[in-house]
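Thank you all for coming; I would like to walk through one model this morning, taking the folds, a few backbone details and then the contact between the chains. Please keep the display in view while I talk.

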Amino acid sequence: MNFDVEKIREDFPLLQRTVYNKPLIYLDNAATNQKPRQVLQRLADYYQSENSNIHRGTHKLSIQATTAYEQARQSVARFINAPAAEQIIFTKGTTESINLVATTFGERFVEAGDEILITYMEHHSNIVPWQLMCGRRGATLRVADITQDGVLDLDDFKRKLTTKTKLVAFAHVSNTLGTINPAKELVKLAHDAGARVLIDGAQAVAHLPVDVQALDCDFYCFSAHKIYGPMGNGVLYGKKEILEELPPYQGGGEMISEVTFGKTTFNELPFRFEAGTPNVAGALGLEAALHYIQSVGAEEMHQYENELLLYATEKLSAIPGLTIYGNSPEKTGVVTFNLAGIHSYDAGTLLDKFGIAVRTGHMCTQPLTEFYGVPGFIRASFSMYNTRQEVDALADAIMRSREMLL
Amino acid sequence: METISEKENTIVEEFEIYDDWLDKYNYLIEMGKDLPMIDEKHKVKQNLITGCQSSVWLHAEYRDGRIYFFADSDAVITKGIVNLLIRVLSGQTPQAIIDADLDFIDKIGLKEHLSPTRSNGLVSMIKQMKLYALAFKTKYELKTEN
């Protein structure tokens with residue numbers, strides 16, 4: 001396999017640092033992953049020589065920045081195979097993308113008595129916006145069950161998908177369980193029932209090829225910072241015919257066509273949903289991240305990550321008293337676990353002292369802690385720059401923490 | 001009765017012998033395991049301080065001008081720190097508890113456990129201990145002055 005992880009690590013300056021005088025082992029990639037110098041350089045270049053507000057000035061800098069920003073939009077469209085760049089709306093991140101749809105779709109299409117269907121494994125950001133919207137519209141939020149293995153219960157999903165369902169929202173990949181949902185199948189089922197579909201792709205884009213046309217989803221969202229890009233930038237893809245029917249989200253500059261005190265007419269897609277000065281550097285940083293992935297080779301990266309996940313699963317399963325949550329045959333990115341008789345906070349505290357960054361707690365999926373009857377989880381999540389040696393160090397540190405705590 | 005700062009100094013000295021973090025945490029974990037269990041009848045929801053990561057139960061009693069604290073946590077490292085806080089504050093007067101700055105936690109290198117991002121219930125527990133002190137002071141001491 002043509003994938004040189006040591007060479008890739010050299011591109012990530014932060015990986016060179018130490019914590020508590022130990023080399024950092026960064027296994028919190030599902031929270032945010034580190035940035036290659038190509039992305040850092042792009043951000044610096046923008047502010048050093050291109051910074052200007054876009055879509056307004058007639059001056060050289062503004063024209064350049066506008067062109068660069070719109071090119072970034074095209075790069076994103078190509079990355080997820082969107083039919084047109086105007087279907088890519090830049091947001092702050094996945095959370096804002098979901099809130100945008102919940103607010104505008106809710107206002108336009110959801111009425112009292114309607115239902116929104118989500119799954120038991122959703123991140124809080126794919127639960128709470130729908131709850132708020134259902135509260136405003138008098139609609140009901142329904143939740144499709146999962147199995148003990150952390151796989152969506154398809155029968156329950158079908159049962160809860162009815163003629164009342166206006167929209168189905170689910171994670172492409174679960175941030176806690178790593179489960180890859182059968183997105184294409186779920187979209188088909190939802191469409192057959194007359195519902196629209198939003199896919200939360202936050203945990204998917206860095207680990208899976210995403211093709212929104214093949215998926216046929218109505219909305220797809222993700223954050224730049226979980227795919228080697230900067231924080232504060234994200235994407236909402238939508239089908240054109242639906243986006244065109246949605247009312248404006250936030251009001252402000254950029255999103256208007258004509259303003260008088262009596263009436264405002266709104267700009268066309270995608271600008272209608274991008275009120276105010278956007279995060280231009282963020283979009284350019286995201287584009288640089290996507291180019292970086294291309295230069296590494298997305299397919300090779302995915303294959304390497306899958307092998308590393310299998311290795312980690314095997315290695316950690318051998319530790320006495322360790323339970324892994326999420327054993328879907330289709331899985332990517334994370335190993336989430338607990339140690340018998342040990343609180344996740346204690347384990348996380350000691351792992352940190354060994355120089356290992358993992359996530360502990362409810363992972364923004366509190367319903368899953370209730371489902372499994374635990375106060376929290378420990379999650380190791382991987383990126384293309386992680387190594388087998390790091391997995392070995394993790395297993396070793398878990399063993400030593402276990403001895404200390406039991 | 002030792003004062004709060006005398007008790008703090010004793011704990012700082014106890015920790016000074018450990019230069020390795022592993023030993024320090026081993027000691028802390030042992031102290032967590034040693035914490036006398038709170039009476040089950042006090043392990044009720046109104047005594048529960050929920051953090052994102054771990055939770056603490058805290059019960060307080062006022063006897064003869066002094067406050068006695070009883071606590072527990074679901075995480076053993078949190079419990080170790082809870083034990084230290086109880087050693088320092090339990091049996092003190094309300095005013096001494098209100099005035100305590102508790103910088104010994106910093107001196108023994110465990111300040112990170114009191115950072116808001118840890119969300120282990122400890123910051124809220126200290127706040128709650130001081131609120132108890134204030135409440136008991138108001139209830140028992142200011143009344144007699146009237």
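This is a predicted model: local features need pLDDT of at least 70, side-chain atom pairs count only at pLDDT 80 or more; totals for chains, interfaces and linings use all residues.

Helices and strands, as I use the words, are DSSP runs numbered from the N terminus, with helices being H or I over at least four residues and strands being E over at least two. With that in place, the loop between β9 (219-223) and β10 (234-238) of chain A is where Tyr228(A) lies, and this residue has a positive phi of about 75 degrees although it is not a glycine.

Residues are numbered from 1 along each chain as its sequence is written, chains are lettered from A and ligands numbered from 1 in the order in which they are written, and side-chain values use heavy atoms, with hydrogens and water left out.

Turning to the sheets, I count two strands as paired if DSSP finds at least two bridges between them. In chain A, seven strands make an open sheet of mixed pairing, in the order β4-β10-β9-β8-β7-β5-β6, and its edge strands, each pairing on one side only, are β4 (88-91) and β6 (140-144). Within chain A, strand β5 (residues 115-119) and strand β7 (residues 165-171) pair in the parallel sense over three bridges, and Thr165(A) in β7(A) is the bridge partner of Glu115(A).

Chain B has an open sheet of three strands, ordered β1-β2-β3, with antiparallel pairing. Its edges are β1 (48-50) and β3 (66-73) of chain B, each of which has a single partner strand, so one side of each is left without a neighbour in the sheet. Strand β2 (residues 55-63) of chain B is joined to β3(B) by eight bridges, and Ala60(B) stands opposite Phe69(B) in β3(B).

Now, which residues form the salt bridge between the two chains? Taking a salt bridge as a side-chain nitrogen of Lys or Arg within 4 Å of a carboxyl oxygen of Asp or Glu, the count between chain A and chain B is one, and Glu112(B) forms it with Lys353(A), the closest N and O atoms being 3.3 Å apart. On the side of chain A that touches chain B, α12(A) gives the most, with six residues.

The contact, meaning heavy atoms within 4.5 Å, takes 18 residues from chain A and 18 residues from chain B. The buried area, that is, the accessible area (1.4 Å probe) that two parts lose on being put together, summed over both, is about 1,600 Å² between chain A and chain B, and carbon and sulfur atoms give 57% of it. In chain A, the residues that lose the most area to chain B are Tyr345(A), Lys353(A) and Met404(A), together 41% of what that side buries.

Finally, the structure holds 23 salt bridges over all chains, including one between Arg9(A) and Glu390(A), whose closest N and O atoms are 3.3 Å apart. Arg9(A) lies in helix α1 (residues 5-10) of chain A and Glu390(A) in helix α14 of chain A, so this pair ties together parts that are 381 residues apart in sequence.
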